[in-house]
Amino acid sequence: MSKSISLLAAAGLLALTMLAGSLLTAGEPETAAERGYRWLTQKSYLPADFTQDVFDEAWTEWPEPLRTQAKNATPEERRKLAFSRYGLTPRPDDPTRPLQYVVDEKGVWTMNCFACHGGQVEGKVIPGLPNSRFALQTLTDDTRAYKLTHTRPLGRMDLGSLFVPLGTSDGTTNAVMFGVALMNFRDADLNVHKNRPPPKMTHHDMDAPPWWHFRKKEFLYADAFAGKGHRGLMQFMMVPQNGPTKFHEWEADFQDVFAYISSLAAPPYPHAIDQPLADQGRVAFNRVCAECHGTYARHKDETDTWPAKVIPLDELKTDPVRLQALSPAQRAAYGTSWFTDYGKVPNINEPKGYVAQPLDGIWATAPYLHNGSVPTLWHMLHPAQRPVVWKRTETGYDQKRVGLEVEMLDAVPADLNSAEQRQHFNTRGFGKSAAGHDYPDALSEDEKTAVLEYLKTL
């Protein structure tokens, strides 16, 4: 049966009808999930990144010909250009504000969790979807340059990014090392110790997971080392300005955020599906893929199964950097801290591989693999044909290959500025290999075509 349901409806299901407090019927109390969405979009838990005027004037630091294009644009057109450059989207319930930042009544912008977990497909915004276009390094470079030119005070991102890279490809970030750097200066009770030497860090980029997988999981992250809990969601708050008192004060908020993330469901595929072909694909998928990725219910009286299976690195053969970047001591420090209620939430200090993820809504979550190196599901099913370098279009969606609409290249073009370089994903880069996960080679070409159709139904 065709699932021709619009992405706008899917986004509405995720954010408008279920979560936006402004749509609640008069007199009905907010649910915990609704409060969680409100906390994320309206309450700041970090120091400010920049003010509205800095964002509005950052175009003056853009390279040509973008700068002249912005200069000649109307304020609204210029805002759209800025959102495009930085990978920002309007909030579904309040299009006057960005989903990825809390903007207060004074025009102060502060990053929130949707910076990495609020994306779009075909121009339709889906809270909880990985933001595959977020250009954090470019945004920080531009706003810092404007602040320096106009003698504005620098913020945490402006200064921190001089020592810790934010991301070398748009849509991925060095988030794992952000956590390593910040946790290094905390004790188990989250007191700050600024006199400690800096930690050993292996900088690398990661692709954010979709939030609707959260409900199925007991352990988080690509290597499944950290048990799930609301305190673990608060790690991003570890700036020096937030001491233990702040974490205790805001813990109830993140119980609501936990409820919000747990409430999310995968959006349905919005285009026509060849159901007989998908049914053939289901048989092939269950034979080759289900052992690791689980089975998916077709009827209301059925339930999904997901084994949460960790695949050893020597078998999986995907890029090893993420697994090797965290030491057992670094994992243990987290596992005995306040974030795990001092060890009550389980923690694995020496994981051996990467967990095979659930595949609900996989049609929307491109790019693929833990580092975001594979642009479409077709390329996942054809390991030998994965592109070396690719650049995505802004909102294009490849229905045939199921994933990002991309230009494929043999190398990153020469003479690009840094922002343009980050728009290209180079699988030759450190931590960016698209190799491994060769299991689809067990499928015939006809079976791969059928499995690709089946994956649209999940």
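**Exercise 1. Determine how many cavities of 30 Å³ or more the structure holds, and describe the lining of the largest cavity.**

*Solution.* A cavity is a set of points on a 1 Å grid over the protein atoms alone where a 1.4 Å probe fits but cannot get out, and its lining residues have an atom within 4 Å of a point. Points are joined across faces, edges and corners, and a volume is the space filled by probe spheres set on them. The model is predicted, local features need pLDDT of at least 70, side-chain atom pairs count only at pLDDT 80 or more, and totals for chains, interfaces and linings use all residues. Residues are numbered from 1 along each chain as its sequence is written, and side-chain values use heavy atoms, with hydrogens and water left out.

Step 1. The count comes to 5 cavities of 30 Å³ or more.

Step 2. The volume of the largest cavity is about 70 Å³. Its lining includes Gln 120, Val 121, Arg 392, Tyr 397 and Leu 404.

Step 3. Strand S6 (118-121), strand S12 (389-398) and strand S13 (403-409) each give two or more residues to this lining; strands (E, at least two residues) and helices (H or I, at least four) are DSSP runs numbered from the N terminus. S12 provides the largest share, 4 residues.

**Exercise 2. Identify the helix that gives the most to the lining of the second largest cavity.**

*Solution.* Step 1. The second largest cavity contains about 60 Å³ of space.

Step 1. Among its lining residues are Asp 49, Tyr 101, Leu 136 and Met 157.

Step 2. Helix H7 (136-149) and helix H8 (156-160) each supply at least two lining residues. H7 gives the most, with 5 residues.

**Exercise 3. State the strand order of the open sheet formed by 3 strands and locate its edges.**

*Solution.* Step 1. The order is S1-S5-S4, with antiparallel pairing; two strands pair if DSSP finds at least two bridges between them.

Step 1. Strand S1 (50-51) and strand S4 (101-103) stand at the edges with a single partner strand each, so one side of each lacks a neighbour in the sheet.

Step 2. S4 is joined by 3 bridges to strand S5 (residues 108-111). Val 103 stands opposite Trp 109 in S5.

Conventions:
On a 1 Å grid over the protein atoms alone, a cavity is a set of points where a 1.4 Å probe fits but cannot get out, and a pocket is an open set with protein on both sides within 12 Å along at least five of seven lines; lining residues have an atom within 4 Å of a point.
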